[in-house]
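Subject: Structure handover

Hello,

Here is the structure we spoke about. Please load it first, then read the notes below.

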Amino acid sequence: MKYIEPASLPEALEILSADDEARCLAGGATLVAMLNADLVEPSTLIGLRRIDELAGISVSGDHIRIGATTTHAQIAGDDRLTGNAAVVRDAARQIAHSAIRNMGTIGGAVCHADPNADFPGALVAANAVLEAAGQSGRRQIPADEFFLDYLETSLEEDEILSAVMVPVEPVGARGRHLKFSRTHGDYATISISLVLAINSGACSHARVAVGSAGPAPVHLAEVDALLTGSDLSGETIKQAGQKLMEAADPVDDVRGSAEYRRMIIPGLLQRAVDELR
Amino acid sequence: MSDKIPFTLNVNSREYQVSVEARQTLADVIREECGLTGTRVGCEHGVCGSCTIIVDGAPVRACLMFAVQAEGKEVRTIEGMADGEELHSVQRAFSDNHGLQCGFCTPGFIMLITAALEQNPAPTDEEIREMLSANLCRCTGYQNIFNAVKQYVGESTETTGAHKND
């Protein structure tokens, strides 16, 4: 296996498109573990750490740009991630443990597309857009269309995720990523990512996504519509939870049976709403 | 055929000239090339925390990092803690409180705690528990490790005047 650390994104893209078996390495939190277990066998690893434009968080106009190699710890510690973006910060704060958050990056986590991870649901709830860089230019993919299946995204093989763009609007919104897990630092059995804005008692914006509930985050426009404009009464939340529960398609595994996971959803949604109200 | 990459690895302020394959983890290189076997390798997928070391001031898992990624960084391991025969205060707190039994996980805990307390010198009890939950210990039941951290926090906040917040 070869290891290359290109200094620029165009250089990295050139190496990637020339070699089908090359893989990008950001923080390594997942890829190195997979290599240790012989689950993947790349011909070349493209280390991304010297590419400055992939690193760090910046606020520009109507969105917050989080570079792909920004670590979970950096995101968890950035107080510019407020309002709509708070849900992303809240998710970052709860990923594994400090030593992992110091290594893992948002780009790596998102491209790995483990549906049990925390970022996918949070990015859907925040209506984030993922920026993919290719040799012919860049394209923007809404989070809703990015996560396709278990460990599968809409990124092309010769593209590199360059940034995650989180809209600043709605400014008055609040976000919460609520995680139900067996033990601290574990993957979620079920997670709820919720962004809410409330104006004089009525909900003026709602976006909710459920993680660990199927091959991709579960997000239903009809649930957002049901909550938006409502007074978020117990009855409304129950209906919303019911719809999400029916749409969920989780697996049976060590973190809970599919049925158990489904049954957690309505209660966890109610708890998330209560915390944001 | 040699796919080895030569570079300088800085561990405990000492420079090691190493030549390693790209897929050798930092944990393995520290142990095998630098001969510093205090860093333990347990699960090799980032769960157990036995290989926790400090890289550029932050605790990381040495099993989840390739050695080549550590070029240009400052690595600290358990061997860099004591000053000659004199134990570092975190090590002494472990000894005073019997914060270990078999000792396999201890270097990882010491490095985790040292880095965490450099960042937050006066953690609450809750913050200490959250921090310790990152690493696995199958002997002690954690309480004596917790007591060791409390002793260390008490000593260091007395000397620095930082507020203890529990």
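Domain bounds here come from an automatic or database domain assignment. On that basis, the centres of domain 1 and domain 2 of chain A are 20 Å apart, taken over C-alpha atoms.

Some conventions. This is a predicted model: local features need pLDDT of at least 70, side-chain atom pairs count only at pLDDT 80 or more, and totals for chains, interfaces and linings use all residues. Residues are numbered from 1 along each chain as its sequence is written, while chains are lettered from A and ligands numbered from 1 in the order in which they are written.

Chain A, domains

Domain 1 of chain A covers 56-167, and domain 2 covers 177-276. Their contact takes 23 residues from domain 1 of chain A and 20 residues from domain 2 of chain A. Two residues are in contact if their C-beta atoms, placed from the backbone, lie within 7 Å. On the side of domain 1 of chain A that touches domain 2, helix H4 (86-93), helix H7 (119-125) and strand S8 (147-149) give two or more residues each. Helices (H or I, at least four residues) and strands (E, at least two) are DSSP runs, numbered from the N terminus. H7(A) gives the most to that side, with five residues. The residues of that side divide into 13 nonpolar, six polar and four charged. Here Ala, Val, Leu, Ile, Met, Phe, Trp, Tyr, Cys and Pro count as nonpolar, Asp, Glu, Lys and Arg as charged, and the others, Gly among them, as polar.

Chain A, hairpin

Strand S6 (residues 129-134) and S7(A) run antiparallel, joined by six bridges. Strands pair if DSSP finds at least two bridges between them. S6(A) and S7(A) form a hairpin with two residues between them. Glu131(A) has Gln140(A) in S7(A) as its bridge partner. A residue is buried if 20 or more other C-beta atoms lie within 10 Å of its own, exposed if 12 or fewer, and partly exposed in between, with C-beta atoms placed from the backbone.

Chain B, overall

Chain B has five helices and five strands. From the N terminus on, they run β-β-α-β-β-β-α-α-α-α. Its C-alpha atoms fill a box of roughly 60 × 30 × 30 Å, taken along the principal axes. Buried residues make up 43% of the 166 residues. Among contacts between residues at least 6 apart in sequence, 60% join residues at least 24 apart.

Chain B, domains

The assignment gives domain 1 (5-78) and domain 2 (89-160). Their centres are 22 Å apart over C-alpha atoms. The contact takes 14 residues from domain 1 of chain B and 14 residues from domain 2 of chain B. Strand S3 (52-55) and strand S4 (58-61) each supply at least two residues of the domain 1 side. S3(B) gives the most there, with three residues. That side divides into seven nonpolar, six polar and one charged.

Chain B, helix H2

Helix H2 (residues 89-96) of chain B has Val90(B), Gln91(B), Ala93(B) and Phe94(B) buried. Seen down the helix axis, these buried residues fall within an arc of 160°, so they line one face of H2(B). The arc is that of the directions from the helix axis to the C-beta atoms. After H2(B) comes His98(B), with a positive phi near 50°.

Best wishes
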